[in-house]
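Two packed helices are described by the angle between their axes and the distance between the axes.

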Amino acid sequence: MTNVTPQGWESCTFGDIAKIRNGYAFKSKYFKKRKELSTDIPLVRQSQLIGSKIDLSEAVYLAKEFAEENPNYLLKKGDILIGMSGSIGKLCYYEHNFVSLQNQRTGKIEIFAKNYLHSKYIGLFLSNIENELVKNAKGIGVQNISAKDIEALVFPLPPLNEQKRIVAKIEELFSEMDNGIAALKTAREQFKAYRQSVLKHAFEGKLTAKWREDNADKLESPEQLLARIQQEREARYQEQLEDWKAAVKEWEANGKEGKKPSKPKVFVKQGEIVAGSDLGFDIPETWKFMLIGNVFSVHVGGTPSRKKKEFWDGDIFWVSSGEVAFCEIFSTTETITTTGYENTSTEIHPKGTILLAMIGEGKTRGQVAILRVPAAHNQNTAAIRVSEIGFSPEFIYYFFQSQYEYTRRVGSGNNQKALNKNRVASIQFPLCSVEEQVAVVQALAEKLSFVENLNKELNIQLEKAEILRQSILKKAFSGQLVPQDPSDEPASKLLARIQAEKEFVNTQKTSKSNKRHSVSSH
């Protein structure tokens, strides 16, 4: 805001025109999960400040006795609450026709002399300084702000008529902006749906239908592909076995120092091609459904002890589940040493390995990444070695993107669903020739690149709209949005009347308090 006070305005603090009443910490042992009696009253907690409204769909209830004993914490239609903890500065309007009780961590804005102030002007001011409140927040973990911090904010007070002109102009400008923003968000959702549709068509074989027709005589059948993979795998296993024997001899010759070389695992021969599928879509006749574990080797990682510093900050990339987020991994946040690697069950996987997040809160579980560097990984992720048998890593990567919701559903567990090695190995996928995998990936890359470029442009436009919104508010509260009218009563007189009414209310409260004290002392 500008330091120059516009003509007719008055600079004061928010505490000069309003009070922030903190909520009360009602004891949870009295909470009712549902309304049992007609007299039960909902409790508004900080977590129910959603957007600009108060959501009571999952409210707890208290008996009406709590309202009778705590009348200062009653909420009624028209009241404004502000978030004091967690969602700091979040402004919500109580629009229900019944009363509620106000819990701790919320602040009720009590405006002095409402007849001299436009409530929407105050609301717009508070929404404009939400970022400032967040900056002033205190606390480790869950941030919070005090009523005093809010009341100490500098408040630009214009004449009452100008408050009304400012609100009218902002509403006019915001209405036009909101229509544009709604259209941009609708387009973004449409692109999101289109992207998912493109992924779905890719793994139904629709994107490469013409390519498949033109190259029908050149392609391996799934059966031929699997037979070739098995032969190559058995040959590779024999090579690995010889290398292992040589490594063990060297280890023994060195006095068995360090970790004994691990014997290569015998890869289980492919099972039968899946006759039917639970993925919910059809594929071309030349494609077949297979299980991940019947084509690729699946590995679960491990984490070296955090207590041993010598295990960390080495030369080996180590991937945590949080880094597996529909991306390519060229480096990692953490690295481990050779000693750390030798003292955990993790393995180092080659470039082109697909990592799948098996455990994680929120949307982490089911996300995938492609390793672009050799790396180890933690126990909450599964490594699917796609590239070691010549398959396209991108084909499997995009497949898991297309089946994200399905992959999340196949997790086990009551509270936090999780995948495990067996469940990952049992996930079905459509198998086609390596040549067609490449063709699918190329077709997808072209279409998805188009969608992602448009989506970036939409996000840029949404960011510009938010910047414009903030610019409008900045002009509004510095007297630059609407012209001043010399005939308006100056805000100094307005503030004087507000202060007089504030003092009168405080005097009345003090008088009532003294009377109660006098009666109780007799």
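Axes here are lines fitted to C-alpha atoms, for helices over the stretch in contact, with angles running from 0 to 180 degrees between N-to-C directions. Helices are DSSP runs (H or I, at least four residues), numbered from the N terminus.

The model is predicted, with local features needing pLDDT of at least 70 and side-chain atom pairs pLDDT 80 or more, while totals for chains, interfaces and linings use all residues. Residues are numbered from 1 along each chain as its sequence is written, and side-chain values use heavy atoms, without hydrogens and water.

The crossing of α11 and α14 is left-handed (the near helix is turned anticlockwise from the far one by less than a right angle). In contact (heavy atoms within 4.5 Å) are E394, F395 and Y398 of α11 with Q437, V440, V441, L444 and L448 of α14. These residues divide into six nonpolar, one polar and one charged, where nonpolar means Ala, Val, Leu, Ile, Met, Phe, Trp, Tyr, Cys and Pro, charged means Asp, Glu, Lys and Arg, and polar the others, Gly among them.

A second pair is α3 (residues 119-128) and α6 (residues 160-202), which pack at an angle of about 60° with axes 9 Å apart. α3 and α6 are therefore oblique to each other, and α3 passes α6 in a left-handed crossing. K120, Y121 and L124 in α3 meet Q163, I166, V167, I170, E171 and F174 in α6. This contact has six nonpolar, one polar and two charged residues.

How values were computed: Helix = DSSP H or I, 4+ residues; strand = E, 2+ residues; numbered from the N terminus. Parallel < 35°, antiparallel > 145°, perpendicular 65-115°, else oblique.
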